Amino acid sequence: MNKSLLEENKAKLLAEQKRLNAILARDTNVDPEIPGGHKPKFDELGSEEGENAHEVEQFQNDLSVAERLEQRLHKVEQALQRIADGTYGQCIQGDMIDEARMRAEPAADICIQHAK
Ligand SMILES: [Zn+2]
């Protein structure tokens with residue numbers, strides 16, 4: 001992989017990692033008991049039944065958002081690890097991912113062919 005693209009993607013991945021961590025820190029509490037370890041901050045339950053139902057629903061939505069953020073963060077961190085290992089840009093099947101794809105998705109770990 002060409003060096004300037006590698007540097008460019010590394011900067012993008014670090015920026016994304018920082019952004020994801022900031023969102024997780026702002027909107028979630030660390031909770032080792034749930035997968036991924038982040039629990040959305042839960043507003044106080046309202047006294048009305050309707051409010052409760054709404055808040056539970058909101059919590060479920062927040063939970064899936066937190067999970068998606070964690071998954072994305074994990075993917076970004078794996079990509080940064082591959083940069084450190086010198087295997088960045090390599091498809092999980094061993095071939096090289098083309099540069100256009102790496103440019104479009106700096107955290108890509110599979111080529112278009114094998115992603116099908
Ligand atoms: Zn491949």
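Two residues are taken to be in contact if their C-beta atoms, placed from the backbone, lie within 7 Å. The model shown here is predicted.

Begin with the protein chain as a whole. Four helices and two strands are present, and their order along the sequence is α-β-β-α-α-α. The radius of gyration is 18 Å, well over the 13 Å that the globule rule gives for 116 residues, so the protein chain is more spread out than a compact globule. Along the principal axes, its C-alpha atoms fill a box of roughly 60 × 30 × 25 Å. Of the 116 residues, 15% count as buried.

Next, select helix α1, residues 3-27, and within this helix locate Leu 20. Is Leu 20 buried or partly exposed? Leu 20 counts as partly exposed because 18 C-beta neighbours lie inside 10 Å, whereas a buried residue requires 20 or more.

Now display the contacts of Leu 20. Beyond its neighbours within four places in sequence, these are Leu 69, Arg 72, Leu 73 and Val 76.

Move on to Leu 73. Leaving out residues up to four places away in sequence, Leu 73 touches Gln 17, Leu 20 and Asn 21.

Finally, select the largest nonpolar core, which has ten residues, among them Leu 13, Leu 73, Val 76, Tyr 88 and Cys 111. Helix α2, residues 49-85, supplies the largest share of this core, with three residues.

Key. Residues are numbered from 1 along each chain as its sequence is written. This is a predicted model: local features need pLDDT of at least 70, side-chain atom pairs count only at pLDDT 80 or more; totals for chains, interfaces and linings use all residues. A residue is buried if 20 or more other C-beta atoms lie within 10 Å of its own, exposed if 12 or fewer, and partly exposed in between; C-beta atoms are placed from the backbone. A nonpolar core is a set of buried Ala, Val, Leu, Ile, Met, Phe, Trp, Tyr and Cys residues joined through C-beta atoms within 7 Å. The radius of gyration is taken over C-alpha atoms; the globule rule is 2.2 Å times the number of residues to the power 0.38.
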